Amino acid sequence: MRKLEPLAKTHDRAGFDCGSEPLNAFLKQTARQHAERGISRTYVLVEEDAPEAKPILGFFSLNLCQVKSESLTPEEARRLPRDVSGVRLGRLAVAKECQRQGIGKLLLVGAMGKFMEIFEAAGGIGLFVDAKDQAARRYYEQFGFVSLPSNELELFLPVRSIQEALADVGQPQK
Ligand SMILES: CC(C)(COP(=O)(O)OP(=O)(O)OC[C@H]1O[C@@H](n2cnc3c(N)ncnc32)[C@H](O)[C@@H]1OP(=O)(O)O)[C@@H](O)C(=O)NCCC(=O)NCCS
């Protein structure tokens with residue numbers, strides 16, 4: 001069975017290739033250090049009973065972020081204070097041999113679940129993501145992410161959309 005796990009030494013970071021060198025390098029060289037120092041957390045999707053080092057099917061990383069509500073659409077900004085908090089989906093990648101099999105979607109649902117845990121404990125208006133190019137922007141848009149008015153490669157998914165998406169896939173929303 002596939003399982004989301006916090007990135008650990010037991011995972012085969014060296015063998016991961018999503019086709020994007022910056023994303024591969026982040027996983028191999030930076031992700032664990034960032035987790036130790038509280039900069040971000042990285043979660044990997046693996047086969048639960050795979051022998052070590054477990055092959056990584058895909059991963060995402062999350063960090064806390066502060067945004068100016070004026071950077072949101074006017075509808076979203078309404079009734080919000082000037083500075084608000086959210087969670088940034090810093091990176092999302094799927095191993096080349098596993099792409100187009102729904103794993104990216106599975107990882108996004110996992111990220112939404114993690115967002116809800118943070119939301120329960122400390123609030124947060126939603127998930128933000130920086131798309132690396134227009135194709136990535138279109139990828140995120142199909143899951144309800146909306147481009148910010150100031151930068152179409154920065155997208156936002158409000159908490160209510162996350163709750164709806166999790167309800168659609170039958171995951172409990174808090
Ligand atoms: C982008 C990425 C995460 C998508 O993951 P995936 O597991 O391949 O995607 P899914 O199987 O969940 O795709 C679901 C749907 O999204 C669309 N889609 C998939 N990859 C896409 C892409 N690169 N661009 C636009 N749409 C895409 C398709 O419509 C797909 O449905 P289909 O296969 O039935 O046509 C993956 O291709 C990847 O890691 N790419 C390299 C790194 C990257 O670009 N990361 C984005 C970070 S900004």
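Which way does α3 pass α5, in a left-handed or a right-handed crossing? Keep that in mind while we look at the structure. One caution before anything else: this is a predicted model.

α3 covers residues 103-122, and α5 covers residues 159-168. Two packed helices are described by the angle between their axes and the distance between the axes. Here the axes come within 10 Å and cross at roughly 125°. Angles over 145 degrees would count as roughly antiparallel, and 65 to 115 as roughly perpendicular. α3 and α5 are therefore oblique to each other. And the hand? α3 passes α5 in a left-handed crossing.

Now the residues that meet. From α3 come Val109, Met112, Gly113, Phe115, Met116 and Phe119. From α5 come Val159, Ile162, Gln163, Ala165 and Leu166.

Next, helix α1, residues 21-36. How far apart are its end C-alpha atoms? They are 23 Å apart. At 1.5 Å a residue, its 16 residues should span 22 Å, so the two values agree. Still, α1 bends by about 55° at Thr30. Several of its residues are buried, among them Leu23, Phe26, Leu27 and His34. What covers the buried residues of α1 includes β3, β5 and β6. Just after the helix, Gly38 takes a positive phi of about 75°.

Last stop: Glu76, in helix α2, residues 74-77. What does Glu76 contact, leaving aside its neighbours within four places in sequence? Phe156, Pro158 and Arg160.

Terms used:
Residues numbered from 1 in each chain as written. Predicted model: local features only at pLDDT ≥ 70, side-chain atom pairs only at ≥ 80, totals over all residues. Heavy atoms only, no water. Helix = DSSP H or I, 4+ residues; strand = E, 2+ residues; numbered from the N terminus. Expected span 1.5 Å × (residues − 1). Bend = angle between axes of the 7 residues up to and from the residue. Buried < 20%, exposed > 50% of the residue type's maximum accessible area, 1.4 Å probe, protein only. Contact = heavy atoms within 4.5 Å. Axes fitted to C-alpha atoms, helices over the stretch in contact; angles between N-to-C directions. Parallel < 35°, antiparallel > 145°, perpendicular 65-115°, else oblique. Left-handed = near helix turned anticlockwise from the far one by under 90°.
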